[in-house]
Amino acid sequence: MTRSPLNLSDRIAERLDAPIDPAVAAFARALAEDAGADAVLFYGSNLRTGSLKGVLDFYVLLPGAEQSRIWPRVSYHEREDDAEKGDNMLRAKVATMALSTFAKAASGDLADTTIWARFVQPAALVWQRNDAARGRVTDAVRSAAITSARLAAALGPASGTAEDYWRALFRATYKAEFRVEKAGRENDILSVNAAHFAGLLPLALDAAGIACTLSGDRLTPSFSASERSRVLSWWKRRKRLGKPLNFTRLIKASTTFDGAAKYAAWKIERHTGMPVEVTPFRERHPLLSAPSVLWALRKHRKNRSS
C-alpha cells in the first residue's frame, strides 16, 4: 500500500512519479534532447487515461533565462510508435519555456494565471536532466498548489467542502482566460481527477501558512479579513490582465505554431462538439480565419442552449 504523504512536498513528489507509458517517455526524451531541456512535464487527459490517442500535452522546460517576452512557445510534433499497431502516429502539443520563468509563474509572482491553475492539476515529471532539475520542478509544482489554494480560500465560502473551494478557483480562472471550454468545465476537472484532489487542499493551505479546521468533509480556513483582501487584490490585477494576455498568446501561436489550424480544430471539437473544417486558407491563415470560426462557435453554443 502506498504511504499517504505527510506534507505537500511529499504529496507533490509522489504525484510527479505517476506511471507513464514507455512511448510517452520516449517522446518526452526526444523532445528534451532536441531542445536541450532541463525537464519535461506530461499532463492532460492522456495522463489520466493512459491513452496514446488524440494529442499528448507536454511542457518542455529549458535552462537559462526566458528568450521570449510572450511565452510559452507552442509547437505541434508527431512521432511514430513502433509498438502500436494500425495508426502508430503519436501527436503532441508542446509548450516550451524557461524553467526559471515556470517557477516564477507557479509562485504567483507574474501576471500569468495559466501555470499555477494548470499545474495544481495532475502532471507527471516524465523526464529530467538530473536531480537538481527534478528538485526545481518539484518546488515549482508545489508553489502552484500553494498559489491555487490561497486563492481558492479567498474566493470560496467561509466554510465548505474542498470541492467548493476548488470549484470556485477553477470557475474564476477559466472565466478570466480566453478559453473555448464549455461551461461547467470546473466540475469535469474535479470529477475525473477526484483521487488527485482528495486531501490536497488542507496540505496546500498548511504549506501556505493558512490554518484550517476540518469537521467531517467541511473545511474552515482561518483567513483574516486583511489577508483575504490582500489575496483578492492580487487576483483582481491578474483577472483584469487574463484575457488580453491569453489573446496575445493566441495571436503569437497563430503565427509560430506549425499545424495551428489543425490543432485548433481538434481542440474546439473536443471541448464543444462542433466540427471545424480545416480548409487550405484556414491552414495558411489561422489568424484571419479566427473570426469566422468564433462566429460559428457562438451560433453552435446558442443552438445547443435553445
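Thr213 stands opposite Thr220 in strand 8. The model is predicted: local features need pLDDT of at least 70, side-chain atom pairs count only at pLDDT 80 or more, and totals for chains, interfaces and linings use all residues. Residues are numbered from 1 along each chain as its sequence is written, and side-chain values use heavy atoms, with hydrogens and water left out.

**Overall make-up**

- The chain holds 14 helices and eight strands; these are DSSP runs numbered from the N terminus, with helices (H or I) of at least four residues and strands (E) of at least two.
- Of its 306 residues, 43% count as buried, where buried means under 20% relative accessible area, exposed over 50% and partly exposed in between (1.4 Å probe, protein chains only).
- Among contacts with a separation of 6 or more, 70% are between residues 24 or more positions apart; contact means heavy atoms within 4.5 Å.

- An open sheet is built from three strands in the order 6-8-7, with antiparallel pairing; two strands pair if DSSP finds at least two bridges between them.
- Strand 6 (160-161) and strand 7 (212-215) stand at the edges with a single partner strand each, so one side of each lacks a neighbour in the sheet.
- Strand 7 is joined by four bridges to strand 8 (residues 218-221), and the two run antiparallel.
- Elsewhere, strand 1 (residues 39-43) pairs with strand 5 in the antiparallel sense over five bridges.
- Within strand 5, the residue opposite Phe42 is Ala124.
- Strand 5 (residues 123-128) is mostly covered, as five of its six residues are buried.

**Nonpolar cores**

- The largest nonpolar core has 55 residues, and those with the most contacts inside it are Leu41, Tyr59, Phe102, Ile115, Phe119, Trp166 and Phe170.
- Helix 6 supplies the largest share of this core, eleven residues.
- A second, separate core has 21 residues, including Ala32, Ala37, Phe42 and Phe58.
- A nonpolar core here is a set of buried Ala, Val, Leu, Ile, Met, Phe, Trp, Tyr and Cys residues joined through side-chain atoms within 4.5 Å.
- Not counting residues up to four places away in sequence, Tyr59 touches Ala39, Val40, Leu41, Tyr43, Pro72, Ala95, Met97, Phe102, Ile115 and Phe119.

**Helix 6 against helix 10**

- Helix 6 and helix 10 (residues 200-207) pack at an angle of about 95 degrees, and their axes are 8 Å apart.
- That angle makes helix 6 roughly perpendicular to helix 10.
- On the helix 6 side the contact is made by Arg142, Ala145, Ile146, Ala149 and Ala153, and on the helix 10 side by Leu201, Ala204, Leu205 and Ala207.
- Axes are lines fitted to C-alpha atoms, for helices over the stretch in contact, and angles run from 0 to 180 degrees between N-to-C directions.
- Angles under 35 degrees count as roughly parallel, over 145 as roughly antiparallel, 65 to 115 as roughly perpendicular and the rest as oblique.

**Arg134**

- Arg134 is found in helix 6 (residues 131-155) and is buried, with a relative accessible area of 18%.
- Its side chain makes a polar contact of 3.1 Å with that of Asp17.
- A polar contact is a pair of N or O atoms within 3.5 Å; within protein, one must be able to donate a hydrogen and the other to accept it, and residues adjacent in sequence count only if both atoms are side-chain atoms.
- Leaving out residues up to four places away in sequence, Arg134 touches Ala13, Asp17, Leu125 and Gln128.

**Ala265**

- Ala265 lies in helix 12 (residues 260-272) and counts as buried at 9% relative accessibility.
- Beyond its neighbours within four places in sequence, Ala265 is in contact with Val276 and Val278.
- Ala265 and Val276 are eleven residues apart in sequence and 5.2 Å apart in space, C-alpha to C-alpha.
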